[in-house]
Amino acid sequence: MGNESEIRLLGTAASPFVNRVQFALNLKSIKYEYTEEYLARKSELLLKSNPVHKKVPVLLHADKPPICESQIIIEYLDEIQPDLFQLLPSASLDRANCRFWAAYIDNKFFPLYEELRRTTKKAGQEAIKEQMIEATKLLEEAFVKSSNGKAYFGGDQVGYLDVVLGCFVRWIKHVDELNDFNTFDEVRVPELAKWAKNVSSHEALKSVTPGIETLVSFFGLLHIYKPPYQ
Amino acid sequence: MAEEVKLHSFRGSPYGCRVEIALNIKGIKYDFIQEDLNNKSPDLLKYNPVYKKIPVLVHNGNPISESVVIVEYIDDAWKGAPIMPVDAYEKARARFWAKFIDEKFIPAIFKAFVSHGEEQDILEANEQLQFLENELKVKGNKFFGGDNINLVDICAGYIAFWAGAAEEALGIEVVTRDKFPKLTEWCHNYTNCQVVKDNLPPRESLVAYYKWLFGKE
């Protein structure tokens, strides 16, 4: 797995889903070639590789057909390189728990941030923030159960859920700042707040976390392509 | 210790059915606990506090929720006929299509049912169906899983049985035979699998239920 050109990632620097895959690749010390996609002008390769969703990230591995959807990509990486930095736990029940919370994070938790970004009316914003408070309560409980007193969902070491949720910390912080909110509030969710600090300072994630200019620029694009609700 | 397997579900639920098919593939004995969705049991609320939904599998007291998570768990936890492919790439492909069915296809076809077959809704549902038709065409196999059913077939089961019942209830056609010949053939093959046949609900009660659900009394 040392050959750099064997693995190629199509992505965009600001996307937390792309950061997620990069976090996993870095943890597993997998070298890869990265191609930045411009979402306003998607490449032929991207459209051909992901005709169903036309989205990043897309993983290209040697001569295999493309693999899409970040969680699926990460499970694939774990399968092809299980020995170095295993992300999913070995026990079936623990794996099911990881997949359950990963689905919750992508299908229920993160969409709230897109909703908030696109909601202009104050009443709507407050309702979404209430849902965020509920969601982080659940995630705090899940973290406490999963971490067993250690620093990460995965225990002493970063695991699957740390990667799945960790990639959102910077994005969430940006949306929080724009909306006078604090998702990882130290009083409301003390353990999750500590975790957010730990995971975002992990070298494997820090090295791919977008800077403020990248985020602001991307949010500008989103404002055009996925504008606020009328 | 004797193994204890319970399934909290609702007879007729396509999601509950996925789990029953998976359990049957592995030959696992289980207790079926019928839930009244208007009066959910304290156990269900305890086992699935996040969504409070069926199906929930309880294995030796440990609850697992979300049908696709449960099906993968069943494949992980028990030996026997495989439900997931062995090859890492094929596994990724199976998960991709399962996700597509649940996140893109079923919501699109459901929208077409809710609108009683609004033209735009049928068009959008057809667009999603075309991806599945192409997948069958390209692979040229009997099932999404090849010679045997896998996770994708189990998830796509909605098309094979529930969609048809909803179409009958509403008097509309979304999965057109002419437009989707491979899918039509697949539906026939899928519903004729013993392990599927044994677990399908009675069609008449499902049609009646859909007439009520989509307001076509």
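Which residue in strand 2 of chain A is the bridge partner of A:Leu9? Here are a few notes that start from that pairing; please keep in mind that this is a predicted model.

1. **The sheet of chain A.** The partner of A:Leu9 is A:Tyr34. Strand 1 of chain A, residues 7-11, runs parallel to strand 2 of chain A, and four bridges join the two. They belong to an open sheet of four strands with mixed pairing, ordered 2-1-3-4. At its edges are strand 2 (33-36) and strand 4 (67-68) of chain A, each of which pairs on one side only.

2. **A helix across that sheet.** Have a look at helix 1 of chain A, residues 16-27, which lies across strand 1 and strand 2 of chain A. The helix runs at about 155 degrees to strand 1 of chain A.

3. Two backbone details deserve a glance here. A:Val56 and A:Pro57 are joined by a cis peptide bond, with omega about 0 degrees. A:Pro57 sits in the loop between helix 2 (44-49) and strand 3 (58-61) of chain A. A:Lys54 is found in the loop between helix 2 and strand 3 of chain A, and has a positive phi of about 55 degrees although it is not a glycine. For background, most residues other than glycine have a negative phi, and most peptide bonds are trans.

4. **The sheet of chain B.** In chain B, four strands form an open sheet in the order 2-1-3-4, again with mixed pairing. Strand 2 (31-34) and strand 4 (62-65) of chain B each have a single partner strand, so one side of each has no neighbour in the sheet. On average, neighbouring strands of this sheet are turned by 20 degrees against each other, direction ignored. Four bridges pair strand 1 (residues 5-9) of chain B with strand 2 of chain B in the parallel sense, and B:Leu7 stands opposite B:Phe32 of strand 2. Helix 3 of chain B, residues 67-77, packs on the sheet and touches strand 3 (56-59) and strand 4 of chain B. The direction of helix 3 makes about 125 degrees with that of strand 4 of chain B.

5. **A cis proline in chain B.** The peptide bond between B:Ile54 and B:Pro55 is cis, with omega about 0 degrees. B:Pro55 lies in the loop between helix 2 (42-47) and strand 3 of chain B.

6. An unreviewed UniProt entry lists "domain: GST C-terminal" for residues 87-214 of chain B. In the model that span is 73% helix and 0% strand, and its end C-alpha atoms are 41 Å apart. The UniProt annotation "coiled-coil region", also from an unreviewed entry, covers residues 115-142 of chain B. Those residues are 75% helix and 0% strand, with end C-alpha atoms 33 Å apart.

7. **A nonpolar surface patch.** Which residues make up the nonpolar patch on the surface? They are B:Phe110, B:Val114, B:Tyr209, B:Trp212 and B:Leu213, with about 490 Å² of accessible area together. Helix 4 (88-114) and helix 9 (203-213) of chain B each give two or more residues. Helix 9 of chain B has the largest share, three residues, while B:Val114 is found in helix 4 of chain B.

8. **Salt bridges.** Over all chains, the structure holds 26 salt bridges. One of them joins A:Glu186 to A:Lys197, whose closest N and O atoms are 2.6 Å apart. A:Glu186 lies in the loop between helix 8 (169-178) and helix 9 (190-200) of chain A and A:Lys197 in helix 9 of chain A, so the pair ties together parts 11 residues apart in sequence.

Note on methods. Residues are numbered from 1 along each chain as its sequence is written. Chains are lettered from A and ligands numbered from 1 in the order in which they are written. This is a predicted model: local features need pLDDT of at least 70, side-chain atom pairs count only at pLDDT 80 or more; totals for chains, interfaces and linings use all residues. Side-chain values use heavy atoms; hydrogens and water are left out. Two strands pair if DSSP finds at least two bridges between them. Contact means heavy atoms within 4.5 Å. Axes are lines fitted to C-alpha atoms, for helices over the stretch in contact, and angles run from 0 to 180 degrees between N-to-C directions. UniProt positions are given in the numbering used here, feature names are shortened, and annotations may be inferred rather than shown by experiment. Patches are made of residues with over 30% relative accessible area and no salt bridge: like charges are joined within 9 Å, nonpolar side chains (Val, Leu, Ile, Met, Phe, Trp, Tyr) within 5 Å. Accessible areas come from the Shrake-Rupley method with a 1.4 Å probe; for residues, only the protein chains shown count as cover. A salt bridge is a side-chain nitrogen of Lys or Arg within 4 Å of a carboxyl oxygen of Asp or Glu.
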